[in-house]
Amino acid sequence: SLAPGAVDNTTFTASYIITQADIDAAQFTNQATATGTPPSGADVTDLSDDTSNTENDPTVTTICNAASIALIKVGAYDGFDQAGNCIADVGDTITYAFTVTNTGNVTLTNVVVTDPLVTMVGGPIASLAPGAVDNTTFTASYIITQADIDAGQFTNQATASGTPPSGPNVTDLSD
């Protein structure tokens, strides 16, 4: 029973388990309906509002989200023989493997890895869920030059980028 003009803010509570779609959207929107039976006539109903007894706007709850990405790049080349002698030659190939991880809490789309000094193969990754790791989509190779042999090394860095549901793309330089 609810008397005219009375307010009850203790009888009803609710909870909702947040989904990945809610985090990606950065909000959850919903609306409740109250129904009461008067002494005579049809039941009365009202849709909830978040601030007013006279309006019927849905309740929008903001959900924090944070997009981020991480990239690990590993090069493989063995320029030495079993005796430890350097046998590197111009035209030898360094191969690279890339591990991309979604380190945020939103789904990333159109994930790409770029590396301006090597020949990239693979990608983009259409969708990468939070916590997901991909170490098979991207590979690369680099052909060793005389300058690399003279320097005793070849150094470069790749960049991973992904598109979150909202906001600017996220990027990471390889480690």
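Asp115 and Lys73 join their side chains in a salt bridge, with 2.5 Å from N to O, where a salt bridge is a side-chain nitrogen of Lys or Arg within 4 Å of a carboxyl oxygen of Asp or Glu. By this rule the structure has one salt bridge. Its partners come from distant parts of the chain, 42 residues apart, since Asp115 sits in the loop between strand E7 (108-114) and strand E8 (119-121), whereas Lys73 belongs to strand E5 (residues 69-76); helices (H or I, at least four residues) and strands (E, at least two) are DSSP runs, numbered from the N terminus. Asp115 and Lys73 are both buried, a word that stands for under 20% relative accessible area, with exposed for over 50% and partly exposed for values in between (1.4 Å probe, protein chains only). Lys73 also lies over the face of Tyr96, at 4.3 Å from the ring centre, the criterion being NZ of Lys or CZ of Arg within 6 Å of the ring centre and within 35 degrees of the ring normal.

The model is predicted, and its local features need pLDDT of at least 70, while side-chain atom pairs count only at pLDDT 80 or more and totals for chains, interfaces and linings use all residues. Residues are numbered from 1 along each chain as its sequence is written, and side-chain values use heavy atoms, with hydrogens and water left out.

Turning to the aromatic side chains, the structure holds two aromatic pairs, defined for rings of Phe, Tyr and Trp (its six-membered ring) with centres within 6.5 Å, and called stacked for planes under 30 degrees apart, edge-to-face for over 60 and tilted for the rest. Tyr16 and Phe28 are stacked because their ring centres are 3.7 Å apart and their planes stand at 15 degrees. Tyr16 lies in the segment before helix H1 (20-25) and Phe28 in strand E1 (residues 27-30), so this pair ties together parts that are twelve residues apart in sequence. Tyr16 counts as partly exposed at 39% relative accessibility, whereas Phe28, at 17%, counts as buried. Tyr142 and Phe154 form another stacked pair, with 3.6 Å from centre to centre and 5 degrees between the planes. Here Tyr142 is in strand E11 (residues 139-143) and Phe154 in the loop between helix H2 (146-151) and E12, twelve residues apart; Tyr142 is buried, with a relative accessible area of 14%.

Strand E12 (residues 159-163) contains Ser161, which is buried at a relative accessible area of 17%. Beyond its neighbours within four places in sequence, Ser161 is in contact with Ile69, Asn110, Val111, Val112, Val170 and Thr171, contact meaning heavy atoms within 4.5 Å. Asn110 lies in strand E7 and is partly exposed, with a relative accessible area of 44%.

The backbone deserves a separate look. Most residues other than glycine have a negative phi, and most peptide bonds are trans. Asn110, however, has a positive phi near 50 degrees, and Ala26, also not a glycine, has a positive phi of about 65 degrees. Ala26 is placed in the loop between H1 and E1. The peptide bond from Gly123 to Pro124 is cis, with omega near 0 degrees, and Pro124 lies in the loop between E8 and strand E9 (125-128).
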